[in-house]
Amino acid sequence: MFRKILASVLCLMLALAMPLTSLAATDIALKIVPGPELAATDEMVNTIFNNLMLRIVAEDNSGLLALESTSGEIASAAIRADENGIYVASPFLGDRVVYFTMEDLSAFMVEMMRQSGVDEETIAQFEQSLAQVALPAGAQNVTGTSITGMMNVDDLDELTPEQLYANDPAMLQFMENIEKKMVVTQGEFTDPAFNTATTKTEVVMNSEDLMLVFDSEMVKEVYGSMAQSAGMTADELLKMVKDVFSQLDMTYNIVTYTNEDDLCAMQMDMIMKGDVTLETTDTTGKATTETATFDMTMDMDMSVLTTGEVDNMVITTVMNDNASTDAPETIGFDMNIANNDEADTVAFDGKLTEAESTVMLFQGAFAEAEDDAINGWVGILAENEQVTFTINGKENNDVYEALVSVYARGESTAIVEPTWSDSPVISFAVQVKDVATPDLLNKINAAAPETSVQLLKMTEEQLNQEISAISGDAMSALFSGLGNLPAELMQLVMTAIPMQ
């Protein structure tokens with residue numbers, strides 16, 4: 001029984017630990033604010049949301065998640081993850097820091113899955129996903145150039161391709177090939193649809209050029225993340241994609257018009273044709289062959305036209321699947337953006353179409369005030385149902401506060417911006433600030449395997465003894481946390497706890 005309980009907790013800890021590397025070293029408090037209709041349905045709902053909030057504090061590879069009330073902390077847990085394992089600390093564990101190696105974690109969870117009757121194919125997919133997560137960055141083929149790494153580079157525009165792709169020879173070769181194919185023409189290029197340009201740049205890429213991209217480290221990074229959800233390794237998924245695209249005849253034409261550093265217009269046309277045969281093998285070794293015919297085109301046009309202080313950008317995209325068995329499938333995307341730098345405002349509207357029928361409308365606007373306050377809204381309309389998000393945020397004394405509200409309207413034929421008389425369905429109050437590192441995070445940051453409790457390396461007898469000791473600390477932490485609940489919620493919790 002103890003091992004089954006431990007398995008469920010480990011699954012939760014693993015899910016929480018995986019995204020820790022992307023969290024910033026900040027304190028984020030989230031409070032749910034029910035709308036009038038939701039609050040009126042049940043007084044207890046109002047009591048819960050008015051008195052409870054979630055808090056996240058994170059730095060580098062560790063993070064703390066806490067449930068708090070207006071009186072203090074109710075429950076909290078800290079997690080630190082690296083390529084070797086996961087550390088967990090919590091008041092429910094007493095003074096302990098619990099550590100699980102990725103190998104022990106994988107073996108234990110596979111054992112629990114088999115005992116629960118999970119089939120071997122699902123287990124194999126799980127093992128592949130977990131192995132991909134556990135690999136160090138270098139083993140995942142992300143050696144130096146990565147999307148996240150490039151986002152953190154200062155003065156990115158000033159780097160040469162050799163500097164930018166020093167650890168990505170495939171991407172460097174791709175960029176060098178494209179540079180050789182570029183045709184640059186200087187002059188004056190005028191069109192009623194966009195600002196006058198002084199430079200026209202044209203390039204035509206083919207299948208050979210584009211295949212280089214699939215060997216780049218950046219693409220491998222992207223497919224590494226996608227492979228986890230597909231139950232495959234990055235190499236397996238990438239091989240499958242390359243097998244498909246290597247059988248296609250692809251052409252990609254790009255024409256850009258610029259005036260110094262300003263983009264005036266861009267035109268992109270892509271053609272993808274061919275008969276594809278794909279062979280796959282499942283975990284049991286059974287081979288499957290699939291065939292498909294591709295005949296796709298995509299045209300995208302983007303233009304910028306300045307009127308007074310406003311830059312008006314128009315984006316139009318049409319994608320046709322001519323290989324459809326019934327009739328050519330067409331998907332269109334149109335968007336208009338008005339950017340006013342002087343007024344610090346951005347407004348946009350657009351639509352998504354299928355076979356020339358509008359399936360979705362979207363519209364919104366954002367404004368930035370002198371004190372860096374941001375106010376804006378985004379409305380989405382589909383099947384006569386409109387969902388609208390509004391945001392009001394500002395920073396005071398290094399503390400950023402924002403209120404995000406969600407509105408809903410039925411039987412709508414056009415998008416309408418919410419007014420003062422509209423009531424949100426629900427809102428989320430967010431506060432972001434820097435804080436001193438909490439003691440629980442300091443403890444877990446200083447932990448090492450040899451100073452931590454490794455439950456999965458214990459015998460059954462040792463595990464039972466340790467769990468029994470942890471239970472005592474957990475009960476003390478539970479009653480301490482419950483003491484911070486408001487009286488109404490305390491009564492609700494106590495009635496829900498079965499008494500022996």
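Which strand does Arg-55 lie in? I looked this up at the outset and found Arg-55 in strand β2, which covers residues 52-59. I note here that the model is predicted, and I read every entry below with that in mind.

**Arg-55.** I then asked what the side chain of Arg-55 is joined to by a polar contact. The partner is the side chain of Asp-27, at 2.6 Å. Setting aside the residues within four places in sequence, I listed the contacts of Arg-55 as Asp-27, Ile-28 and Ala-29, then Leu-64, Leu-65, Ala-66 and Glu-68, and finally Val-435.

I went on to strand β3 (residues 62-69), which pairs with strand β4 (residues 72-81) in the antiparallel sense, with eight bridges between them. The hairpin that links β4 to β5 runs through three residues, and Ala-78 stands opposite Ala-89 of β5.

**Ser-207.** Is Ser-207 buried or exposed? I recorded a relative accessible area of 16% for Ser-207, and since the cut-off for buried is under 20%, the residue counts as buried. Ser-207 is found in helix α9, which spans residues 207-211. Not counting residues up to four places away in sequence, I found Ser-207 touching Leu-248, Asp-249 and Met-250. Of these, I looked at Met-250 in more detail, and its backbone nitrogen is reached by the side chain of Ser-207 at 2.7 Å. I also checked Ser-207 against Met-272, and noted that the two are 65 residues apart in sequence while their C-alpha atoms are 9.2 Å apart in space.

**Nonpolar cores.** Which residues touch the most other members of the largest nonpolar core? That core has 26 residues, and I wrote down Tyr-165, Met-205, Leu-248, Tyr-252, Ile-254 and Met-268 as the ones with the most such neighbours. The elements that give two or more residues to this core are helix α8 (169-181) together with β8 (194-206), β9 (249-259), β10 (262-281) and β11 (287-307). Among the contributors, β10 gives the most, with five residues. I then took Ile-254 by itself and, leaving aside its neighbours within four places in sequence, found it in contact with Thr-201, Glu-202, Val-203 and Met-205, and also with Gln-267 and Met-268. I noted a second, separate core of 23 residues as well, which includes Leu-93, Phe-100, Met-113 and Ile-470.

**Helix α8.** I turned to α8 and listed its buried residues as Ala-170, Met-171, Leu-172, Phe-174, Asn-177 and Ile-178. I also compared its length with expectation: at 1.5 Å a residue its 13 residues should span 18 Å, and the end C-alpha atoms are 18 Å apart, so the two agree.

**Whole chain.** Of its 500 residues, 36% count as buried. Among contacts with a separation of 6 or more, I recorded 50% as coming from residues 24 or more positions apart. The accessible surface of the chain comes to about 28600 Å², and 55% of that belongs to carbon and sulfur atoms.

Methods. Residues numbered from 1 in each chain as written. Predicted model: local features only at pLDDT ≥ 70, side-chain atom pairs only at ≥ 80, totals over all residues. Heavy atoms only, no water. Helix = DSSP H or I, 4+ residues; strand = E, 2+ residues; numbered from the N terminus. Buried < 20%, exposed > 50% of the residue type's maximum accessible area, 1.4 Å probe, protein only. Contact = heavy atoms within 4.5 Å. Polar contact = N/O pair within 3.5 Å; in protein donor to acceptor, adjacent residues only side chain to side chain. Core = buried A, V, L, I, M, F, W, Y, C linked by side-chain atoms within 4.5 Å. Expected span 1.5 Å × (residues − 1). Pairing = 2+ DSSP bridges. Areas by Shrake-Rupley, 256 points an atom, 1.4 Å probe, with all protein chains shown as cover.
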